[in-house]
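Welcome, and please take a moment to turn the model around before reading on.

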Amino acid sequence: MQSQETIYVFYASQTGNSESISKFVTTELQDRGVNVEHHVLNDHTKKFSFENKPGSEFRRPRICIFVLSSTGDGDCPDNGNRFMRWVCRRTQPEDLMKGVKFTVLGLGDTNYNQYQKVPRKLRDRLLQLGAKTFYKCGEADEAVGMEGVVDPWIENLIPALGEVLKIVSRGSSRANSEDFMGADSSAISPVKKSSDAGQVGQIKTECDVGSTALKEENSEIIEPAVKEFCDPRRPFYAEIATCRYLTGRQAQKRVLHMELNIQRPDGTPAFEYLPGGSIGILPKNSEEEVQKVMNLFGWTDKVLLLEEQLPTGLLNITDISLPCSLKSVLIRGIDIWTTFSQSSLIELSTYLQDSEEVDKLRTLAKSSEKYATFVRNTRGVIDTFNAFKSW
């Protein structure tokens, strides 16, 4: 399908799950010939705008897909809080979002009291400002496994978008919903996160107690109760005291029970935390394994990377100083043992030279069953790239 209407896919993500799923949705739409723009929510007024201002350099989004989560105990992800404050201002006109059709996929965890707080707040606020949903909003629960909701939600999103494109385009033949859905719409599957346990040893942790939260009544930032906490620029090296599987070895989504020793040598805790706080684990790969990856691609350590060549998330890690070597980035900044998400596999397929291998990798990424088998039998970057030869 080739539609003149642009679909906007927005995300706000603290750990990367929402971003990964939003990329997967974007790729699925692009494969069907749809014009798609993919943005983080905080890029509002920088790369897109909902404001009705004469002479604006941006075309106002009319069909929107929001993928976002609540982090901590009902906090908004850092890369979406500025947009949330803007849209929740009391001074916004009641018809600010009139003409906008949208849906929301929310990610959350029922282990926390404020389950789906941010996705629900966004949905309610958009409706309050005149927007209308074109497809039911989804809520995925990390506590029971997100794939049970995400998978069918994405699958049914495709025909719903075909219908709304036909309506928005006023029946134009260029927006035929049957062409848009295509023959393989049932093959769509969501991004799933999976990881393999590394050796028990030293890891680097960050305590994200200071995530910002939104007040219901006026959308002002609530200051965190704890002022001193760890972050990527002030990391604390913690020993793993206990690490064991809570799921079987063959489980597609492996769950670990891990206990960290956060005491300093003098017996005092390295940082304080509150209920709802989260700890991020930053990878530190062995030089031997990193060298295997570099040998696989024929890379040398003579390559120096500048700030603009690094992902934003790596710029805050103190162990990486600029300009930095490729090897230091692979050791400190990238988890080479993580399993590639389905959306990442689709992106990787564009680098394959052999058309049969391209089709094989894309089919694998779009099939939940084949992807599950791949996850069980593959460990990280090396195994994935060794499985295909035409890079």
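Let us begin with a pair of charged side chains: Arg 362 and Asp 31 meet in a salt bridge with an N to O distance of 2.4 Å. Arg 362 belongs to helix α9 (residues 355–366) and Asp 31 to helix α1 (residues 17–31), so this pair ties together parts that are 331 residues apart in sequence. A salt bridge here is a side-chain nitrogen of Lys or Arg within 4 Å of a carboxyl oxygen of Asp or Glu. Asp 31 counts as partly exposed, at 38% relative accessibility. For that scale, buried means under 20% relative accessible area, exposed means over 50%, and partly exposed is in between, with a 1.4 Å probe and protein chains only.

This is a predicted model, in which local features need pLDDT of at least 70 and side-chain atom pairs count only at pLDDT 80 or more, while totals for chains, interfaces and linings use all residues. Residues are numbered from 1 along each chain as its sequence is written, and side-chain values use heavy atoms, leaving out hydrogens and water.

**Around Arg 362**

Ser 349 lies in helix α8 (residues 342–349) and is buried, at 3% relative accessibility. Leaving aside residues up to four places away in sequence, Ser 349 touches Val 358, Leu 361 and Arg 362, where touching means heavy atoms within 4.5 Å.

**Salt bridges side by side**

How many salt bridges does the structure hold? There are nine, and three of them are set out here.

| Pair | N to O distance |
|---|---|
| Arg 362 and Asp 31 | 2.4 Å |
| Glu 5 and Arg 62 | 2.5 Å |
| Lys 327 and Glu 287 | 3.6 Å |

The side chains of Glu 5 and Arg 62 form one of these bridges. Glu 5 is in the segment before β1 (6–12) and Arg 62 in the loop between β2 and β3, so the pair ties together parts 57 residues apart in sequence. Glu 5 counts as buried at 12% relative accessibility, whereas Arg 62 is partly exposed at 36%.

Lys 327 and Glu 287 also meet in a salt bridge. This pair links distant parts of the chain, with Lys 327 in helix α7 and Glu 287 in helix α6, 40 residues apart. Lys 327 is buried, with a relative accessible area of 17%, while Glu 287 is exposed at 51%.

**Helix α6 and its two sides**

Glu 287 brings us to α6 itself. Within this helix (residues 287–297), Glu 289, Val 290, Val 293 and Met 294 are buried. Viewed down the axis of α6, its buried residues fall within an arc of 145 degrees, so they line one face of the helix; the arc is that of the directions from the helix axis to the C-beta atoms. An α-helix has 3.6 residues a turn, so residues three or four places apart point the same way. What do the buried residues of α6 pack against? They pack against α7 (326–332) and α11 (380–386). On the other side of α6, Glu 287, Glu 288 and Asn 295 are exposed. After α6 comes Gly 298, with a positive phi near 75 degrees.

**Two loop residues with positive phi**

Most residues other than glycine have a negative phi. Thr 45, however, has a positive phi near 75 degrees. Thr 45 sits in the loop between β2 (35–40) and β3 (63–69), and is partly exposed at 41%. Gln 116 is not a glycine either, and its phi is positive at about 60 degrees. Gln 116 is found in the loop between β4 (101–108) and α3 (117–128). Is Gln 116 buried or exposed? Gln 116 counts as buried, at 0% relative accessibility.

**The whole chain**

Stepping back, the protein chain has eleven helices and 14 strands; helices (H or I, at least four residues) and strands (E, at least two) are DSSP runs numbered from the N terminus. Of its 391 residues, 48% are buried. The chain averages a pLDDT of 75, and 73% of the residues score at least 70; pLDDT is the predictor's confidence in each residue, from 0 to 100. Over residues 170–228, pLDDT stays under 50.
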